[in-house]
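Subject: Structure handover

Hello,

Here is the structure for you to look through. My notes come after it.

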Amino acid sequence: MTIFNIKWEWTIPNLLSIFRLVLLPVFVVLFFMSSENPALLYASFGILVLSGLTDLFDGLIARKFNQISDMGKLLDPLADKLTQIVVVLCLAIKYPPVTALLVICVVKELAQAIGGVFLLKRGEEIRGAKWYGKVSTFVFYGAMALIVLLPGKMPPWLFIGLIVLVAAFMLFAFFNYMKVFLSIHKTLPPKNGEETQNGK
């Protein structure tokens, strides 16, 4: 199986990324069922923590055992993006103040996804996540896990503060990724048949 001319590779990191995707519907079901059974809130928190740990370990395993692959560079950020959007969407449905974070998250991830597809179609190699993207993901998991675990139990200033913190790191990562994209875009050769302004 190939995607964008990228061959699937059966590696532990890739399987962990798939596992993170499988965890998403489990989290959604547990999170919303916790309204009737509060004990399930701890289970949804556990799923979110497990997702964060697999995100951490797939990168460590890939580097330590030389299992870095183009498919992994595609799957890992895909799992991250979908996880962030789904988790924030669930929280926004229950807690309206999270809606602003949802808008930022969706715009950021869609813009980066479109930019990534554009570069792949132009033949650019897949690049791994940058440090600011990893920091943003780490902050996201930590803050969202606290909100999931302690709904209504934290003071409003802390609740809003966590949302603002996550939004700030998301925007920081987004602006830096956009700078990288624009830098790469400037170096791309014209497409076949594409005429420059000075051409005939």
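Residues are numbered from 1 along each chain as its sequence is written, and side-chain values use heavy atoms, with hydrogens and water left out.

Confidence

The average pLDDT of the chain (pLDDT is the predictor's confidence in each residue, from 0 to 100) is 84, and 86% of the residues score at least 70. Where pLDDT is low, the predicted coordinates should not be read in detail.

Core

The largest nonpolar core has 33 residues. Such a core is a set of buried Ala, Val, Leu, Ile, Met, Phe, Trp, Tyr and Cys residues joined through side-chain atoms within 4.5 Å; buried means under 20% relative accessible area, exposed over 50%, and partly exposed in between, with a 1.4 Å probe and protein chains only. L91, V98, L101 and M144 have the most contacts inside this core. The elements giving two or more residues to this core are α1, α2, α3, α4 (99-121), α5 (131-149) and α6 (156-187), and α5 gives the most, with eight. Leaving aside neighbours within four places in sequence, L101 is in contact with V88, M144, I163, V166, A167 and M170.

Cavity

There is one cavity of 30 Å³ or more, and the largest cavity has a volume of about 50 Å³. A cavity is a set of points on a 1 Å grid over the protein atoms alone where a 1.4 Å probe fits but cannot get out, and lining residues have an atom within 4 Å of a point. Grid points are joined across faces, edges and corners, and the volume is the space filled by probe spheres set on the points. The lining of the largest cavity consists of R20, L23, L24, F27, I47, L48, S51, T83 and V87. Two or more of the lining residues come from each of α1 (12-33), α2 (39-64) and α3 (70-94), with α1 giving the most, four.

Single residues

P97 lies in the loop between α3 and α4 and counts as partly exposed because its relative accessibility is 44%. Not counting residues up to four places away in sequence, P97 touches F159, I160 and I163. P97 and I160 are 63 residues apart in sequence, and 7.7 Å apart in space from C-alpha to C-alpha.

N66, in the loop between α2 and α3, has a positive phi of about 55° although it is not a glycine. Most residues other than glycine have a negative phi. N66 is exposed, at 69% relative accessible area.

N176 lies in helix α6 and counts as buried because its relative accessibility is 18%.

Regards

Note on methods. Predicted model: local features only at pLDDT ≥ 70, side-chain atom pairs only at ≥ 80, totals over all residues. 1 Å grid on protein atoms, 1.4 Å probe; cavity = no way out; pocket = protein on both sides within 12 Å on 5 of 7 lines; lining within 4 Å. Contact = heavy atoms within 4.5 Å.
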